[in-house]
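Below is a briefing on one protein structure.

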Amino acid sequence: QSYASADIHATLNMWNRLQPTIEVGIGWAKSAPDDMNFNYHGKPSPYFKVGANYNFLFKNSPDYQAYLGLRLGYSTFTYDVTDMHYMNSYWHEDLFSEIRGERSHALWGEAGVGLRAKLSGPISMGWMIRYHGMFNYGKNEHSIPWFIPGYGPRKSSLGFSLSIYYVL
């Protein structure tokens with residue numbers, strides 16, 4: 001399995017306490033599960049998130065932060081399910097099928113905790129552990145999406161992000 005998401009986000013630091021944020025990114029996936037009989041290919045697709053961080057170290061320097069973040073995310077995406085293999089028990093023959101160009105969408109929420117520290121000059125680095133839950137996603141007639149850009153695997157509830165920041 002291989003999947004990833006990459007984004008650019010902007011945060012407005014208001015009094016070093018509340019920090020509204022917006023994220024725009026792209027996600028993609030490829031998977032051939034060992035215990036299943038198909039290949040999944042999520043095409044590069046966009047996602048968007050809006051939310052805010054609350055910095056618990058607001059009385060200290062803005063160069064160092066420990067925060068709680070909330071996000072609302074949305075993505076619209078396309079995926080293929082190929083090399084589906086199953087055995088017809090009546091005729092005793094192997095059957096192959098594929099589903100191409102399935103379109104879907106998803107809406108989810110996230111809550112996370114993170115740390116951020118200054119490296120040098122205007123450059124900072126940080127990480128965030130996110131717990132997310134699905135509000136709604138598009139179910140297709142023939143398939144259900146396995147991967148959602150910006151969210152990760154549909155059945156996963158945890159995520160991790162690593163960020164490099166440039167402070168203006």
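A pocket here is an open set of grid points with protein on both sides within 12 Å along at least five of seven lines, and its lining residues have an atom within 4 Å of a point. By that definition, 22 residues line the largest pocket. The model is predicted. The largest nonpolar core has 15 residues, and the structure holds two cavities of 30 Å³ or more.

**Pocket**
- The largest pocket has a volume of about 500 Å³.
- Nearest its centre lie Thr-11, Arg-116, Tyr-166, Val-167 and Leu-168.
- Strand 1 (2-11), strand 5 and strand 9 (158-166) each supply at least two residues of the lining.

**Cavities**
- Two cavities reach 30 Å³ or more.
- The largest cavity has a volume of about 100 Å³.
- This cavity is lined by 15 residues, and those closest to its centre are His-9, Asn-53, Tyr-67, Arg-71 and Tyr-165.
- Two or more lining residues come from each of strand 1, strand 2 (18-31), strand 4, strand 6 and strand 9.

**Nonpolar core**
- Which residues have the most contacts inside the largest nonpolar core? They are Tyr-40, Val-81, Ala-106, Trp-108 and Ile-148.
- At least two core residues come from each of strand 3 (39-55), strand 4, strand 5 (93-120) and strand 7 (147-148).
- Strand 4 gives the most, with four residues.
- In soluble globular proteins, nonpolar side chains tend to be buried together.

**Strands 5 and 6**
- Strand 5 pairs with strand 6 (residues 123-137) in the antiparallel sense, over 14 bridges.
- Ala-106 has Tyr-137 as its bridge partner in strand 6. Ala-106 is also among the core residues with the most contacts.

- Gln-65 is found in strand 4 (residues 64-88).
- Is Gln-65 buried or exposed? Gln-65 has a relative accessible area of 4%, so it is buried, the cut-off being under 20%.
- The side chain of Gln-65 makes a polar contact of 3.3 Å with the side chain of Gln-19.
- A polar atom of the Gln-65 side chain also lies 3.3 Å from the backbone oxygen of Pro-62.
- Leaving out residues up to four places away in sequence, Gln-65 touches Asn-13, Asn-16, Gln-19, Asn-55, Leu-57, Gly-114, Leu-115 and Arg-116.
- One of these contacts, Arg-116, is listed among the residues nearest the centre of the largest pocket.

- Glu-23 lies in strand 2.
- Glu-23 counts as buried because its relative accessibility is 1%.
- Which side chain does Glu-23 join in a polar contact of 2.8 Å? The partner is Arg-71.
- Arg-71 is also one of the residues closest to the centre of the largest cavity.
- Beyond four places in sequence, Glu-23 touches Asp-7, Ile-8, His-9, Tyr-47, Phe-48, Lys-49, Arg-71 and Arg-130.
- His-9, among the contacts of Glu-23, is another residue listed as closest to the cavity centre.

- Phi of Trp-15 is near 60°, a positive value in a residue other than glycine.
- Asn-16 has a positive phi of about 60°, and it is not a glycine either.
- Trp-15 has 73% relative accessibility, so it counts as exposed. Asn-16 is buried, with a relative accessible area of 9%.
- Asn-16 is among the residues that Gln-65 touches.

**Ala-10 in strand 1**
- Ala-10 lies in strand 1.
- With a relative accessible area of 47%, Ala-10 is partly exposed.
- Ala-10 touches Pro-20, Thr-21 and Ile-22, not counting residues up to four places away in sequence.
- How many residues apart in sequence are Ala-10 and Tyr-165? They are 155 residues apart, yet 9.4 Å apart in space, C-alpha to C-alpha.
- Tyr-165 is listed among the residues closest to the centre of the largest cavity.

How values were computed. Residues numbered from 1 in each chain as written. Predicted model: local features only at pLDDT ≥ 70, side-chain atom pairs only at ≥ 80, totals over all residues. Heavy atoms only, no water. Buried < 20%, exposed > 50% of the residue type's maximum accessible area, 1.4 Å probe, protein only. Polar contact = N/O pair within 3.5 Å; in protein donor to acceptor, adjacent residues only side chain to side chain. Contact = heavy atoms within 4.5 Å. Core = buried A, V, L, I, M, F, W, Y, C linked by side-chain atoms within 4.5 Å. Pairing = 2+ DSSP bridges. 1 Å grid on protein atoms, 1.4 Å probe; cavity = no way out; pocket = protein on both sides within 12 Å on 5 of 7 lines; lining within 4 Å. Points joined across faces, edges and corners; volume = space filled by probe spheres on them.
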